[in-house]
Amino acid sequence: MMAQYLALKEEAGDCLLFYRMGDFFELFFDDAKVASACLDIALTARGSHGDDKVPMCGVPAHSATGYLARLIKAGHRVAIADQIETPEEAKKRGGSKALVARAIIRVVTAGTLTEEALLDSRSANWCAAIGEAGGEVAIACADISTGVFEVIECGADRASAELARYAPAETIASEASDFADLATALRPKGDFDSARGESRLKSLFGVATLDGFGSLSRAGLAAAGGLVAYLDHTAKGALPFLRPPHVTRTESAMAIDAATRESLELTVSQSGARKGSLLDAVDRTVTGSGARMLGADIAAPLMDRTAIEARLDLVQRFHDDAGLRDMVRGALRAMPDIGRALGRLAAGRGSPRDLGQLRDGLDGAWRLGEKLSGLADRPPLLDALAPQLRGHGELIDLLQRALVPDPPVDADKGGYIAEGYDAALDDLRDTGAGGRRAIARLEAEYRDQTGIATLKIKHNGVLGYHIEVPAKSADKLMAPDSGFTHRQTLAGVVRFNAPELHDLAIKVTQAGAHALTAEAAHLEDLTATALDRREAIAATADALARLDVSAGLAERAAEGGWARPALVDHACFDIVGGRHPVVEAALARAGERFVANDCSLSEDSRLWLVTGPNMGGKSTFLRQNALIAVLAQAGSYVPATRATLGLVDRLFSRVGASDNLARGRSTFMVEMVETAAILAQATPQSFVILDEVGRGTSTYDGLAIAWAVVEAIHEENRCRCLFATHYHELTRLAERCDALTLHHVRAREWKGDLVLLHEVSEGPADRSYGLAVARLAGLPPITIKRARAVLDKLEAGREKTGGLAAGLDDLPLFAAMAEEEPEATDPLRSELETLDIDALSPREALEILYRLKGLASE
């Protein structure tokens, strides 16, 4: 047995190996030590005492899913080695001592889960692969729980940002990849060969050409092929359901890098939880598929104005008609998640209940489609979705006839095929039921015959049907002429058999076994019939999800008084009464009111310099406007009274940072790396928010950097930008930069207390209120008093010297500085470079030395 185990363990590689032994999955050696610590289960040992003892632990097979979930969450990968033949088949093959054959039937990893218990119903579970070819880069992503398959063509500089958008549970790359640091697992280089990838895709989808899927580059073929090869490896040949790949390019969505996503907390908060994120604040969906689609929309705001307007039209239709919205949300709330049910069936891990969910979900979709098709003034997107909700009548009818109303999860015990669907199956069930009634009658007869009132006919997996009596009453049945045959003696009871019972038991057992076989055959046929329509079913699931997203966004807009954004072709950003949805919700829970603020960025005022005290609301103001841009281009109403904006091609946020010790970066280094990315990538169509650039170094260095960054954004990038700072010296730039305007968050001191008004007004702040904030934070009065004395001294010195910004008024603007400055010349170096030392006579050398000495003394 251990030889078989070790061979399987070698095949499993770095995975923990679940080795099936009877009703348990066992782990041995180091795997057992790791699993016992992670699962908090007992670590035991087998074998002789001493050094040869083998560490081991095990989990029951019937509850293995829960243990798998904990191991996967802890970052482990698990190979499942199960029996691939019965003990009877093993004996027939190799005799009574033959070992039952086992094989790895599946590798369970974070990105390849389909089990309902292991997945978050409201989040997609992506597995990603990075492909490279000919200097190009692409990313393939699949959620095998629903079959969604996407290929994103992107440049090398966008790979990290695209991965951040999907936040995959698992990322694979070639062993020779330049992006190995982004991967969670590396695979053989050959898996990412573009020619092999093309062959794999053609074979998988049964096509002679991939032209129907869009134009796939060599890098796209490498990524898609590598992903399919990995999924095939983990499924051990039983490749899960994948829809034809949807090919996109980075230009189709707003570019948002990983740092910006983290800063703005789009889909998860900085603690890593969904709660506290923009997605959590916006989500009013009533289905898991709708929640997953909303997360994808917010993670990838669109750049196609027509597509955005189509989404907004549907949201508005639901927003303006509360009755329709309630009807649709009520219908959706009652529907199961047919997308994931289909995924489980396609992966070979489906159950009768999954077929029941398809039946109920498709029937509900058909009824909803009928209602929506009869609506007047349907927006174009609704016209496109309504037909996808119908068209499954034949399959619905089949499943309604074939399945019981509430099919079980476990198919092993049968009972899921409805009465009347198969006459032969009904006969087998009647035979079994009749035999069980006959057994009950026989039990009564035996009691009368023997006079033993406690006699019972029971059943177990070893003896089958048998007669059981208390030990004190067994003597009468032990007599040779009793007609009963002794089978087993236990403490307190004795078990017997009898010819009549034996004949009835065979009849019941055979009928039951044949009935289970017949039901299993029907289950296989029904599953195959459903999978023949998997593309259409998946399209219905998508349509239901889009309706849920639109109705949910309409509900959120009606609930919060949000407005439909107006999209224009020029680069403007005009927000009236804008709010931060997450902060506003948090304040509402505390019984407080959020102070709304306007923001108007245009060609003449595209860069706002915002000053004011800490805690005054600068960061919130910056973030809320970035979030409004995300929501608008995702196709949502926005938290504002009115909003007009031009499309944002790239969104950047440099608001707050923390040390990245794992990569050897300090807070200031992280800030500079992120700022450098903004200056290198922002375009005139981009939107940038920057907060306190330069604060992580010395005052002079910080001011110099902040000054230069403001000028660069104004003169070079020319993007829409909100720049918050405590460097009041930067306000001088308003006189030199035509498109820069000054704004501040209002605050007042009243009887020694700081009153933060959270209002954004025009003009610079009159002071920083730093000491007032310090007092508010609880610094001791003596410390505040000392700080006041130091501040008075510094301010007096600043008045005499001109302060930090002394002399900056004479500094030319960034654009002028961009011209190459003439290099300073060194006459001594120039003279030396012209000398031919080998050609000099002694007298000439002496004269040159005197001349050089003269140059050096100048």
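**Burial, salt bridges and surface patches**

Let's start inside. Thr611 is buried, at a relative accessible area of 1%. Buried here means under 20% relative accessible area, exposed means over 50%, and partly exposed is in between, with a 1.4 Å probe and protein chains only.

Before going on, the ground rules. This is a predicted model, where local features need pLDDT of at least 70 and side-chain atom pairs count only at pLDDT 80 or more, while totals for chains, interfaces and linings use all residues. Residues are numbered from 1 along each chain as its sequence is written, and side-chain values use heavy atoms, with hydrogens and water left out.

Back to Thr611. It belongs to strand E21, residues 607–611. Helices (H or I, at least four residues) and strands (E, at least two) are DSSP runs numbered from the N terminus. What does Thr611 touch, not counting residues up to four places away in sequence? The list is Lys618, Thr725, His728, Thr731, His743, His744, Val745, Pro764 and Ala765. Contact means heavy atoms within 4.5 Å.

Next, Ala79. This residue sits in strand E5, residues 78–83. Ala79 is buried, at 1% relative accessibility. Leave aside its neighbours within four places in sequence, and Ala79 contacts Ala12, Cys15, Leu16, Leu17, Phe18, Ile104, Arg106 and Val107. For a sense of distance, take Ala777. It is 698 residues from Ala79 along the chain, and the two C-alpha atoms are separated by 54 Å.

Now the salt bridges. How many does a search of the whole structure find? The count is 47. The criterion is a side-chain nitrogen of Lys or Arg within 4 Å of a carboxyl oxygen of Asp or Glu.

Arg243 counts as buried, at 15%.

Pair two is Arg292 with Asp337. Their side chains meet in a salt bridge, 2.9 Å from N to O. Arg292 lies in helix H10 (residues 288–299) and Asp337 in the loop between helix H12 (322–333) and helix H13 (338–346), so the link joins parts 45 residues apart in sequence. Arg292 counts as buried, at 10% relative accessibility.

Glu468 is in strand E15 (residues 464–470) and Arg495 in strand E17 (residues 493–497), so the pair ties together parts 27 residues apart in sequence. Glu468 is buried, at 10% relative accessibility. Arg495 is buried too, at 15%.

There is also a network. Salt bridges link Arg305, Glu309, Asp313, Arg564 and Asp569.

On to backbone angles. Phe29 is not a glycine, yet its phi is positive, about 55 degrees. Phe29 is in helix H2, residues 29–39. Its relative accessibility is 32%, so Phe29 counts as partly exposed. Arg718 is another residue other than glycine with a positive phi, near 55 degrees. Arg718 is in the loop between helix H24 (699–717) and strand E25 (720–724). At 37% relative accessibility, Arg718 is partly exposed.

Last topic, the surface. Which residues gather in a patch of negative charge? They are Glu445, Asp448, Glu500 and Asp503. Helix H17 (423–450) and helix H19 (499–531) are the elements that give two or more residues to this patch. Glu500 is in helix H19. Its relative accessibility is 44%, so Glu500 counts as partly exposed.

Leu846, Leu849 and Tyr850 make a nonpolar surface patch of about 370 Å². Tyr850 lies in helix H29, residues 842–857. Tyr850 is exposed, at 60% relative accessibility.

Patch cut-offs: residues with over 30% relative accessible area and no salt bridge, joining like charges within 9 Å and nonpolar side chains (Val, Leu, Ile, Met, Phe, Trp, Tyr) within 5 Å.

Notes:
Accessible areas come from the Shrake-Rupley method with a 1.4 Å probe; for residues, only the protein chains shown count as cover. Lys and Arg count as positive and Asp and Glu as negative; His and the chain ends are not counted. The place of a charge is taken as NZ of Lys, CZ of Arg, CG of Asp or CD of Glu.
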